[in-house]
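Me: I have a structure open and would like to learn how to read it. Could you walk me through its features one by one?

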Amino acid sequence: MQKKSKLAIIIGVISFVAALSAALTAFFIVRDKKKKDDEELMEYLDCAIE
């Protein structure tokens, strides 16, 4: 029984790390996309004003 418990803990930790890395990756991708969109909007507005 002890061996199965340790295996379950290891699988749980690995799953947690994978989920955390996926969430962080998604967060950084969304943040980067928003930053690029904001830069494009500012460039468009600068060109439209001139």
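Reply: Happy to; we will go through the helix, the salt bridges, the ring pair, the surface patches and some distances. This is a predicted model, in which local features need pLDDT of at least 70 and side-chain atom pairs count only at pLDDT 80 or more, while totals for chains, interfaces and linings use all residues. Residues are numbered from 1 along each chain as its sequence is written, and side-chain values use heavy atoms, with hydrogens and water left out.

Me: Thanks! Which residues does helix 1 cover?

Reply: Helices (H or I, at least four residues) and strands (E, at least two) are DSSP runs, numbered from the N terminus. Here helix 1 covers residues 2–49, and Glu40 is found in it. Leu20 lies in helix 1 too, and Phe16 and Cys47 are also part of this helix.

Me: How many salt bridges does a search of the whole structure find?

Reply: The general idea is that side chains of opposite charge can pair when their charged atoms come close. To count as a salt bridge, a side-chain nitrogen of Lys or Arg must be within 4 Å of a carboxyl oxygen of Asp or Glu. Searching the whole structure gives 3 of them. In one, Lys36 pairs with Asp32, with the closest N and O atoms 3.7 Å apart. In another, the side chains of Lys33 and Asp37 meet at 3.3 Å, N to O. Asp38 and Lys34 also form a salt bridge, at 3.5 Å, N to O.

Me: How are Lys36 and Asp32 placed along helix 1?

Reply: Lys36 and Asp32 are 4 residues apart in helix 1, so about one helical turn separates them. Lys33 and Asp37 both lie in helix 1 as well, 4 residues apart, about one turn of the helix. For Asp38 and Lys34, the spacing is 4 residues in helix 1, which means about one helical turn.

Me: Is Lys33 buried or exposed?

Reply: Here we look at relative accessible area: buried means under 20%, exposed over 50%, and partly exposed in between (1.4 Å probe, protein chains only). Lys33 counts as exposed because its relative accessibility is 52%, while its partner Asp37 is partly exposed at 36%. Lys34 is exposed, with 51%, and Asp38 is partly exposed, with 37%. In the remaining pair, Lys36 with Asp32, Lys36 counts as partly exposed at 48% and Asp32 counts as partly exposed at 39%.

Me: What about aromatic rings? How many aromatic pairs does the structure hold?

Reply: Rings of Phe, Tyr and Trp (its six-membered ring) pair if their centres lie within 6.5 Å; planes under 30 degrees apart count as stacked, over 60 as edge-to-face and the rest as tilted. The structure has 1 aromatic pair. The ring centres of Phe27 and Phe28 are 5.3 Å apart and their planes are at 65 degrees, so the pair is edge-to-face. Phe27 is partly exposed, at 47%, and Phe28 counts as partly exposed, at 42%.

Me: Which residues form the nonpolar patch on the surface?

Reply: Patches are made of residues with over 30% relative accessible area and no salt bridge; like charges are joined within 9 Å, and nonpolar side chains (Val, Leu, Ile, Met, Phe, Trp, Tyr) within 5 Å. Accessible areas come from the Shrake-Rupley method with a 1.4 Å probe, and for residues only the protein chains shown count as cover. The nonpolar patch is formed by Ile9, Val13, Phe16, Val17, Leu20, Leu24, Phe27 and Phe28, with about 790 Å² of accessible area together.
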